[in-house]
Amino acid sequence: MARWGMVFSLARCIGCNACVVACKTENRLPDDIYFTRTFVEEVGTFPEVRRVYIPTLCNHCEDAPCEKACPSGATYTRDDGIVMVDQDRCIGCSACAVACPYDARSMIEEPNDNRGLFGGAEAPPAEPDAVDRWRAGTVVKCDFCSRRVDRGLSPACVAVCPTEARIFGDLDDPESAPSRLVRTRNGAPPLPEKNTKPKVFYIDY
Amino acid sequence: MRQGVWTERPPEDSMSDAAIADQRETGNGRWVRSHCQQCFNACGIRVEVVDGNPVRIRGDADDPNTHGHLCARGLAGLAKFYDPQRVKTPLIRTNPEKGRRVDPGFREATWDEALDLVAAKLRTIRADNPNKLIASLWPYEKYVQSSAWGSAFGTANTGFSFSGVSNQCANPNHFVGMITHGALVEFPDLTHCRYLILLGSEYGFGANQSFVRAARELADARDRGLKLVVVDPRLSVAAGKADEWLPIKPATDLAFLLGFIHVLVHEDRSYDAAWLRTGTNAPYLLGPDRNFVTDPDSGKPLIFDETAGIARPYDDPALGRPALEGTYTANGVECIPAFQHLVNETAGNTPEWAESICDIPAGTIRRLAKEFAEASSVGATVAIDGVDYPLRPACLLSYRGLQAHTNGTLAMMAQETVMVLMGALGVPGGLVAKSMDARRFGGRPQLMTKGPDGIVRPHATGWHLYTEFSYPPKSLELRDYGPLALDMGHLVPLTMLEPEKYGFDYSPEMLLIYHSNPFTNAGHHEVVARALKKLDLVVSINIYLDESTDYADVVLPESTYLERFNLINWTYDMQGLQVGQPVVEPRYDTRDGMDILIELADRAGFLFGEGGFNAALNRTLGLSPPHALALDRKYSYAEVLDVQARCHSRGERDLAWYCEHGNDLRPVAPDEKYRMYRDARLPLYFNSIKAAGDELRRNLETYKIAERHGLEIDTSPYQGVPFWQPSPVHGEDGDYDFYVISYKSYMTTYGDTATNPLLMSLSERDPYLMKVVINAHTARKKGLRDGDVVWVESRYARERGVVGLTEGIHPETAAISGGFGRFTRHPVADGKGTLQNAHLPIDLAHTGMLGGTMETVARVRLVRARGKDARTH
């Protein structure tokens, strides 16, 4: 069994948001819900200044605080390490969102099935993978595109990334691309002091 | 093949055939291959269709140019298809009053009624004077084909007329690139390049050609240790990621490059002298008139032979070592090699002089020029497929930021001067040309030819590099007075308001706009609006109603790119074609824009025969029997493309083949990528520019254009070597204390993407994109804070904006992203962000007639809004 993880190269990320749009269309997320985002930070003062783009998503922590906080058992970890949300069991209490130090969980406020790109005016038809996917009153997040992963595909954000700044693979395989990058380029997890053991790492920072 | 450290790929490519088969089996829908048409780069896409509805767009992993990667625009493309604001049927105006936000009172019409109305006017005009039609045709993926329609009609006012790309594009890049080494567009050869200086360009970071591929290639090259230097007034995406950012004062890149050249030829003397002698016109002798001194017998330019001590024709087999420097006598006149002329002309352009103009420290210019020269590794070679090529792994690459100024063509000449000096054009590591040959339509790459003077002659299929002088002038862009202008479409609203002032003996009556919007493309809105109102008939082929359709009499609804056909090759180093095809049947009563043009040509009587649209398409697409359009048959556009596919595959593939397989792109051989100019010499001395200027001057005097019309056409830029010329914005309006610049982003294509709710929602979350961005220190001095609502005021417009502060911008500069500030009925686009081009004057003083540019920098001041104006919404 693989243990899926992701590596972000901060040198390669140019903040183009292809990942964000891929994620939103893959998962047919409501307007204000993002499973992955790219933050931009300016470093330095004129004229010695540069910019860093920081992609983020759910870190699929080994010790996931959201899973521990979940009172209903809706949040669980698959054998391959993907942290999932079972919407049938989610009671929308948001304990997970409070517990997550990465702000990776979002409450679906209202039904999604008739809200299209243009605010319901003329919605794209429901995508087969996304239909009935998001139930109002549940607190959801990135699942590494588990349905794609189960078909042997990489997550949508990884597949489209023009600079290949996102690398996805099996962290248990020492020769996988992410394992090697973490090893050779000082891969660092986000907020290590939180001791959540993320399966997402940053390199070239 | 990809090389380097970054060879790891994701465990699976995004959309392998196996995965698609798997998805089919699970009943999720069918995937249709096509290419994106939301900018002109034609990236391969796959669209999932369920129950006749497109539900998802992904990159096509079988596109060898993009490997399945796609940008935010491409991935968000469904919004275009599903937009409730689409025009669903032909529309005809009922309200005679035209004006900004004045409801035209459109009524629905049948295609027959609308087409007949338009065709009747076309017939009348064509019989009278075809120039009275302005055909403004700018569908990215087939603009050359649509321009052929204008040529077949017979109007001189076609292509980018009226709207112009002189604001959006980098016209000098195309013009100077073509005359220097046949490059419609230049690409850095990143497999070998180790040092890249970008000037006013986001190559590999956003806008510019082939973004999706270039982004990966440049990321790979940086990973391998390429040094990236970015010269830009603004900390662009490229600058923010660069090893060095040089904040330059807007529109002064020319001065920076002249300083750079000074270091190379005067201080460091680190150019490729051997190449200059044999591969360029640098040793050609110039007489006192700065024209070539030619052999009296053969008429061929002379070179001074240092070995023999005499002048000989450039191609004399007995020629010894050509002289680059010195003063000689030949044909009884004193003459100097072209290289010596460059040396003389740049003597005053020291880095210290450049610093005083462009604000980049002299020491930095000096250091960079030396680093660049060292990185160029003059003398090095590399063997590729058994052939030795010069290896010049250093590139200077500029685009709109450097070029879209009145002095932009001179600046582009300066860029090419550096590249010619180092022998870095068309070789591994240097700038490689995408040629304007039939390869774009599927044909084989064609070698460049050379003229009798031994100098390269570019292909210009479907393109013009030179406009003959005529008086009275024909072109409302004033190409007659600007023979080397690639496009001055922005001038048309100005000249058509007072045609007699410019010498015209006619006044235009009709405008056909296809996929263009003069209000977001051109300048000063009052001039554009007055011009639109003056026309008898304005016809718009459009997907939406926009700012310009408020002035249209007829709107013909176009299908979106997910409902149309296309066949193109936009790569620079591949052969073959890529298909665009309807993934579903067109929605509503819409048609492919090209089918609309075919229908209009038919009804107006210029589809058939030698002078018809079919014949024009044959020429443009390079179609020849047995695979050519019959001149007496009406084709659908899909049928035209079918003939194109058969022709260029020598009968092996038809359109259906491409629809099934997507593309047959494959890399060209190295000898079809490098040195396509072969033994033709490249110009260090731009003799064709000099000659065109001399002729223009004679013509202007002969026809007394200044006397008759009071027109001062500036012929001074037509020189053989670049020299400093300020932009008019440098000298004007002390009251307006900011230079306002505009830029492109990877989330926008001009104003076209502002209707996309996904992209707009992301743009609104960006800290800079929708703001008027200024330097934080400057803001403090002026008492402006982040988030302040201001009026951006110039002599031409007053627009609201929201201040954004950054450390990353030249202190006198304000930056506004292109693509926003729309004032249209579309609820997603309307009123968001700020429109920069409203501040650009439309006049001759702010037009670079050499090369064809519009000055895209304006002087503005920022005034804090008060009361209800200060509220953000």
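**Notes on chain B**

1. Helix α5 (residues 143–153) of chain B lies across β6 and β22 (510–514) of chain B, and its direction is at about 170° to that of β6(B). Axes here are lines fitted to C-alpha atoms, for helices over the stretch in contact, and angles run from 0 to 180 degrees between N-to-C directions. Helices (H or I, at least four residues) and strands (E, at least two) are DSSP runs, numbered from the N terminus.

2. This is a predicted model, in which local features need pLDDT of at least 70 and side-chain atom pairs count only at pLDDT 80 or more, while totals for chains, interfaces and linings use all residues. Residues are numbered from 1 along each chain as its sequence is written, and chains are lettered from A and ligands numbered from 1 in the order in which they are written.

3. The strands β6(B) and β22(B) belong to an open sheet of six strands with mixed pairing, in the order β5-β4-β24-β23-β22-β6 (chain B). Because β5 (107–108) and β6 (133–137) of chain B stand at the edges with a single partner strand each, one side of each has no neighbour in the sheet. Strand β4 (residues 91–92) of chain B pairs with β5(B) in the antiparallel sense over two bridges, where two strands pair if DSSP finds at least two bridges between them. Within this pair, Arg107(B) in β5(B) is the bridge partner of Ile92(B).

4. A second open sheet of chain B has three strands in the order β1-β2-β3, with antiparallel pairing. Its edges are β1 (30–35) and β3 of chain B, each with a single partner strand, so one side of each is left without a neighbour in the sheet. Neighbouring strands of this sheet are turned by 30° against each other on average, direction ignored. Strand β2 (residues 44–50) of chain B pairs with β3(B) over six bridges, and Val50(B) has Asn53(B) in β3(B) as its bridge partner.

5. Which residues of β18(B) point one way and which the other? Ala394(B), Leu396(B) and Ser398(B) point one way, Cys395(B) and Leu397(B) the other, and all are buried, that is, with 20 or more other C-beta atoms within 10 Å of their own, the C-beta atoms being placed from the backbone (exposed means 12 or fewer, partly exposed in between). Strand β8 (residues 195–199) of chain B pairs with β18(B) in the parallel sense over five bridges, with Tyr195(B) opposite Ala394(B).

6. The axes of helices α4 (residues 111–128) and α19 (residues 593–603) of chain B come within 9 Å and cross at roughly 55°. That angle makes α4(B) oblique to α19(B); angles under 35 degrees count as roughly parallel, over 145 as roughly antiparallel, 65 to 115 as roughly perpendicular and the rest as oblique. Leu115(B), Asp116(B), Val118(B), Ala119(B) and Leu122(B) in α4(B) meet Glu599(B), Leu600(B) and Arg603(B) in α19(B), contact meaning that C-beta atoms, placed from the backbone, lie within 7 Å.

7. Between the chains, 53 residues of chain B are in contact with 48 residues of chain A. Elements giving two or more residues to this side of chain B include α1 (17–25), β3 (53–59), α7 (211–223) and α26 (757–765) of chain B.

8. Gln719(B) lies in the loop between α25 (705–709) and β29 (738–743) of chain B, and counts as buried because 20 C-beta neighbours lie inside 10 Å. Its C-alpha atom is separated by 8.5 Å from that of Ala691(B), 28 residues apart along the chain. Leaving aside residues up to four places away in sequence, Gln719(B) touches Ile689(B) and Lys690(B).

Note on methods. Two residues are in contact if their C-beta atoms, placed from the backbone, lie within 7 Å.
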